Amino acid sequence: MTDTNSASSDAVEPALLEGPLHAWHVDAGARMAEFGGWLMPLQYEGGGVVAEHNAVRGSVGLFDVSHLGKVLVKGPGALEFANGTLANDLRKIGIGQAQYTMALNDDGGVIDDLIAYVRSEEEVFLIPNAANSAKVAAKLIAARDESGSEIEILDQHRDFAVFALQGPKSADVLKDLGLELPEDYMAFIDVNWKGMPVSVCRTGYTGEHGYEIVPRWEDALTLWEAISEASNAYEGRAAGLAARDTLRTEMGYPLHGHELTEDISPVEARVGWAIGWKKDRFWGKDAVTRIKAEGAPRKAVGLLALERGVPRAEANVLSEDGTVVGRTTSGTFSPTLQNGIALALVDQSVQLEDELALEVRGRKLAVRVIRPPFVEAGVRS
């Protein structure tokens, strides 16, 4: 028998969390996998990653992303407080709009990237990544306590579910259900659907016209089943996190832990557009401003395979003479292009259209440097 009190014993792994739709996914034949401490659908029987990916590009796909965090900043001065901590400038958007932003560390690295919903001057709803939600909430609480403010920072991770309905037919599906929709990209509205409060935001992570839908946790199954059934009229599919990854990689969208980390600055990752450079203050401002002024040693690029092969993350990027000039952060096979693609951090000496090579499974894979996206975006269509 193992002595669990012994210092030499293995640590007990925490149990994976399950979302409100777990049983539905299992019944639908989903292959479940760990993601950010949660057990989430990776892909479904009856098609798999490619079919789910193509459904989103051609019609509509429904994703359960309820593992994402939910943090509410509430009280007098909440908007001003959030704007003094997060990197982007919330004053550039209005009430009823959402914004992509980041929480930076003191070195200018990215603790997390997240979406902020501005409901009023006194209420900002944040959707961070699952693995970083508690860290973001704790940092906000520490900043609140240091300032002496009485603003509430509420961890609502399991109070709400999050769905992403993505694809050119996504609006048709939601209109068929009688859901009121925001017209503008990155706008949201709070509606009531059959007695259930729901937030609908015109955004997403696939490069297609789409919506992120936030119902209460206890209402999640009812709404999900209604959207799923309505999607059938457009040959829609439930889609897992594997298709979400191929879709976002085709667009060059960063994933925290890959293109963004606490050791990778927004300047290197080419997401400096999501920083309010003229703001008086935000976490990490001095460091990231210095990085911008001095120039980062690395930059983010896209790599298109020139021969058969599938790039993977953490592969060395080689120059013509075999010198390591970078490393991939993500890699996959693009169902749209029928070609291998990758995202990478490379030396500043690397230029667009350069032909390089990746070390993939003991051989060199020829690639060309491009600027993402790899496929045309449809988010504003």
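## A tour from histidine 256

Start at histidine 256: a polar atom of its side chain lies 3.0 Å from the backbone oxygen of isoleucine 111. The model is predicted, so read it with its limits: local features need pLDDT of at least 70, side-chain atom pairs count only at pLDDT 80 or more, and totals for chains, interfaces and linings use all residues. Numbering runs from 1 along each chain as its sequence is written, and side-chain values use heavy atoms, with hydrogens and water left out.

**Around histidine 256.** Show asparagine 132 next. Its side chain makes a polar contact with the side chain of histidine 256, at 3.2 Å. A polar contact is a pair of N or O atoms within 3.5 Å; within protein, one must be able to donate a hydrogen and the other to accept it, and residues adjacent in sequence count only if both atoms are side-chain atoms. Histidine 256 lies in the loop between α7 (241–251) and α8 (285–294). Helices (H or I, at least four residues) and strands (E, at least two) are DSSP runs, numbered from the N terminus. Leaving aside neighbours within four places in sequence, histidine 256 is in contact with residues including Val110, Asp112, Asp113 and Thr261. Contact means heavy atoms within 4.5 Å.

**Proline 266.** Stay in the loop between α7 and α8 and select proline 266. Proline 266 is buried, with a relative accessible area of 0%. Buried means under 20% relative accessible area, exposed over 50%, partly exposed in between (1.4 Å probe, protein chains only). Beyond its neighbours within four places in sequence, proline 266 has contacts that include Met102, Leu104, Val271 and Val288.

**The aromatic cluster.** Now select Trp24, Tyr44, Phe163 and Trp224, which ring pairs link into a cluster. Rings of Phe, Tyr and Trp (its six-membered ring) pair if their centres lie within 6.5 Å; planes under 30 degrees apart count as stacked, over 60 as edge-to-face and the rest as tilted. The structure holds nine aromatic pairs. In one of them, tryptophan 24 and tryptophan 224 have ring centres 5.4 Å apart and planes at 75°, so the pair is edge-to-face. Tryptophan 24 lies in helix α1 (residues 22–27) and tryptophan 224 in helix α6 (residues 220–231), so the pair ties together parts 200 residues apart in sequence. Tryptophan 224 is buried, at 0% relative accessible area.

**Charges over rings.** Go to lysine 292. Its charged end sits over the ring of tryptophan 277, 4.3 Å from the centre. Then find arginine 119, which lies over the face of phenylalanine 125, 5.0 Å from the ring centre. The rule asks for NZ of Lys or CZ of Arg within 6 Å of the ring centre and within 35 degrees of the ring normal.

**Helix α2.** Colour residues 48–58. Gly48, Glu52, His53, Ala55, Val56 and Arg57 are buried here. Their cover includes β3 (38–44), β4 (61–64), β10 (163–166), β14 (237–239) and α7.

**The largest pocket.** Finish with Tyr100, Tyr205, Tyr253, Pro254 and Trp273: of the 47 residues lining the largest pocket, these lie nearest its centre. On a 1 Å grid over the protein atoms alone, a pocket is an open set of points with protein on both sides within 12 Å along at least five of seven lines, and lining residues have an atom within 4 Å of a point. The largest share of the lining, four residues, comes from β6.

Notes:
1 Å grid on protein atoms, 1.4 Å probe; cavity = no way out; pocket = protein on both sides within 12 Å on 5 of 7 lines; lining within 4 Å.
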